[in-house]
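Hi everyone, thanks for coming.

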Amino acid sequence: MIATLHRLPGHAPSLDPMIGLVARDMEQVNAVIVERMQSDIPLIPELAGHLIAGGGKRLRPMLTLASARLVGYEGDRHYLLAAAVEFIHTATLLHDDVVDGSDLRRGKRTANIIWGNPASVLVGDFLFSRSFELMVAGGSLRALEILSNASAVIAEGEVNQLTAVRRVDLAEERYLDIIGAKTAALFAAACRVAPVIAGRPSAEEAALDAYGRYLGVAFQLVDDAIDYTSDAGTMGKDAGDDFREGKMTLPVILAYARGDEGERAFWRDAVEGRRASDADFAHAVELVRRSRAVDDTFARARHYGQRAIDALAVFGDGAVKDAMIEAVEFAVARAY
């Protein structure tokens with residue numbers, strides 16, 4: 001089974017239902033974010049604000065809020081935890097851009113390009129610290145455990161990816177381990193903390209963990225595929241960044257496995273940094289297209305998207321569940 005991309009005739013999947021559903025809650029979360037990113041050191045809110053206000057959809061904190069609605073939570077601790085989720089995400093982006101040497105993020109110059117690597121790393125550390133303050137303020141030891149563990153898993157995933165860069169022999173299983181840690185772990189935790197603070201049964205906690213985890217994998221698969229199909233304006237980063245950084249994402253893993261000896265030689269040279277020109281990237285795009293590696297990566301994303309949708313089966317039908325299903329469909333349909 002695969003995720004349905006267009007459930008209604010002429011209706012493209014959208015985040016609008018979820019955005020509308022949690023709009024008032026997001027106002028509270030945004031207020032927490034603005035308050036907690038302040039510092040007597042002007043550079044900290046200036047640099048943090050550059051990324052936090054940089055046009056991201058804030059999908060991860062929205063998932064915390066939507067999950068809280070789904071389980072009928074009526075308190076206000078989810079505002080703090082949703083803000084913590086966003087700070088964790090923002091901190092990892094700041095660190096990632098330094099590690100990757102990125103120039104663009106969401107179509108804007110990255111913080112490390114504007115303020116330098118040391119400032120970006122240190123402000124990322126500040127946001128991580130603030131996230132832990134928010135977890136503690138949330139008042140749930142179990143939620144603190146879930147989010148702090150996710151932070152550690154994300155760091156492990158990033159280190160795993162770093163040690164896998166320019167390794168043309170990277171196995172698909174290890175690639176899935178990497179994206180499961182560096183991306184899906186925070187999606188899962190963002191959803192899981194809601195039934196925890198609501199005191200809901202463990203079955204609901206497990207279901208929302210699975211929903212977030214499978215959605216996160218699908219989301220990253222699509223991101224990795226569109227690096228070979230979209231331009232910088234569409235992606236919000238430079239087209240071909242993954243290619244030039246020598247990352248063995250699933251499209252490359254599949255194209256390499258399916259290539260003849262000449263094509264494999266090209267991939268070895270490219271991944272090891274000897275073929276990085278615009279012409280080389282254009283050739284790489286042609287190879288992943290011809291081998292159907294991108295198509296199959298999108299197909300895997302649809303598979304994981306369907307698993308995310310299936311995980312919601314324990315919950316009754318309604319507007320919240322519909323919005324969360326459509327969020328999955330939107331994540332997958334970004335490829336089209």
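Let me start with a question: where is R58 found? R58 is in the loop between α3 (43-52) and α4. A word on those labels: helices (H or I, at least four residues) and strands (E, at least two) are DSSP runs, numbered from the N terminus.

Before going further, please keep in mind that this is a predicted model, where local features need pLDDT of at least 70 and side-chain atom pairs count only at pLDDT 80 or more, while totals for chains, interfaces and linings use all residues. Residues are numbered from 1 along each chain as its sequence is written, and side-chain values use heavy atoms, with hydrogens and water left out.

Back to R58. This residue has a positive phi of about 60 degrees although it is not a glycine. R58 is buried, with a relative accessible area of 16%; buried means under 20% relative accessible area, exposed over 50%, and partly exposed in between, using a 1.4 Å probe and protein chains only. R166 also has a positive phi, near 65 degrees, and is not a glycine either. You'll find R166 in the loop between α8 (141-164) and α9 (172-197), and at 31% relative accessibility it counts as partly exposed.

Now look at helix α4 (residues 59-70), where T64 sits. T64 is buried, at 1% relative accessible area. Setting aside neighbours within four places in sequence, T64 is in contact (heavy atoms within 4.5 Å) with H78, A82, V85, A190, V193 and A194.

On to the nonpolar cores. A nonpolar core is a set of buried Ala, Val, Leu, Ile, Met, Phe, Trp, Tyr and Cys residues joined through side-chain atoms within 4.5 Å. Which residues touch the most other members of the largest one? They are M18, Y211 and M324, in a core of 76 residues. Helix α5 (residues 77-100) gives the most to this core, with 12 residues. A second, separate core has 36 residues, among them I178 and F266.

Finally, let's step back to the whole chain. The protein chain has 17 helices and two strands, and buried residues make up 55% of its 336 residues. Its C-alpha atoms fill a box of roughly 60 × 50 × 35 Å, taken along the principal axes.
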